[in-house]
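Hello,

Here is the structure I promised to pass on. My notes follow below it.

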Amino acid sequence: MDEDAQDDLGEAWTKEAVSDALAVSERALGIRTESNMDVAVMVELLGHPPGDDTDAFEHVVEASIQVPSGRIAVLGCTDYLPDAARFEVPAGFVRVRASRANPGDVREAIEQVHLQIWPAPHSAPAVLKRWSTGE
C-alpha cells in the first residue's frame with residue numbers, strides 16, 4: 001500500500017477477489033494466502049516489467065496501485081503499520097506482481113510470496129496463473 005493510504009480493503013474482498021486471491025483499491029492491495037500463519041515475503045523493486053517466471057509459482061496475479069507518496073508499506077493483515085517494511089518507488093502508478101509458492105499443505109513448507117514492483121501506467125488487475133486446491 002501507499003504508506004499514506006487510508007484505503008479500507010473490506011469492500012474490495014468480493015467473491016471474485018477471494019477467488020483471484022487479490023483485492024484492489026486505489027492505493028492498496030491485498031494478497032490472500034492459504035496460510036493463516038507467517039508467510040515468507042520477498043520484495044523486488046524493478047525499473048521495468050519482469051520476465052515470465054510463472055513456472056516457478058503456483059498462483060500469480062498483477063494489479064496497479066497509485067503511490068503518490070513514493071513509498072510502499074508491506075505488511076500482513078494483523079501487522080502494525082508503523083512497523084511495516086517500507087520501500088522507495090517512483091511516485092505515481094506502479095504495477096505489483098504477486099507470485100505465490102507453496103500455497104498448499106503449509107505443514108510441508110512455508111508459503112512464499114514474491115512481490116515484484118515497477119513503475120507502469122494503470123491497467124486492470126490480471127490473474128496470470130491460477131492455483132487450484134484440486135477439490
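Helix α1 (residues 15–20) has the lowest mean pLDDT among the elements of the protein chain, at 93, while β4 has the highest, at 97. Here pLDDT is the predictor's confidence in each residue, from 0 to 100. Helices (H or I, at least four residues) and strands (E, at least two) are DSSP runs, numbered from the N terminus. The chain as a whole averages a pLDDT of 91, and 94% of the residues score at least 70. Where pLDDT is low, the predicted coordinates should not be read in detail.

Some ground rules. This is a predicted model, in which local features need pLDDT of at least 70 and side-chain atom pairs count only at pLDDT 80 or more, whereas totals for chains, interfaces and linings use all residues. Residues are numbered from 1 along each chain as its sequence is written, and side-chain values use heavy atoms, with hydrogens and water left out.

**The sheet**

An open sheet is formed by 5 strands, in the order β3-β8-β7-β4-β9, with mixed pairing. Two strands pair if DSSP finds at least two bridges between them. β3 and β9 (126–129) are the edge strands, and each pairs on one side only. From one strand to the next, the twist averages 25 degrees. (Axes are lines fitted to C-alpha atoms, for helices over the stretch in contact; angles run from 0 to 180 degrees between N-to-C directions.) β3 runs parallel to strand β8 (residues 112–119), paired over 6 bridges. Glu44 stands opposite Gln116 in β8.

**The salt bridges**

The count is 11 salt bridges. The rule: a side-chain nitrogen of Lys or Arg within 4 Å of a carboxyl oxygen of Asp or Glu.

Arg100 bridges to Glu34, with the closest N and O atoms 3.5 Å apart. Arg100 is in strand β7 (residues 92–101), and Glu34 is in the loop between β2 (29–31) and β3 (40–45), 66 residues apart. Arg100 is buried, at 1% relative accessible area. Glu34 is partly exposed, at 30%. Buried means under 20% relative accessible area, exposed over 50%, partly exposed in between (1.4 Å probe, protein chains only).

Arg97 has a salt bridge to Glu62 (2.7 Å, N to O). Glu62 lies in strand β4 and Arg97 in strand β7, so this pair ties together parts 35 residues apart in sequence. Both Glu62 and Arg97 are buried.

Asp53 sits in the loop between β3 and β4 (59–67), 44 residues from Arg97.

Best wishes
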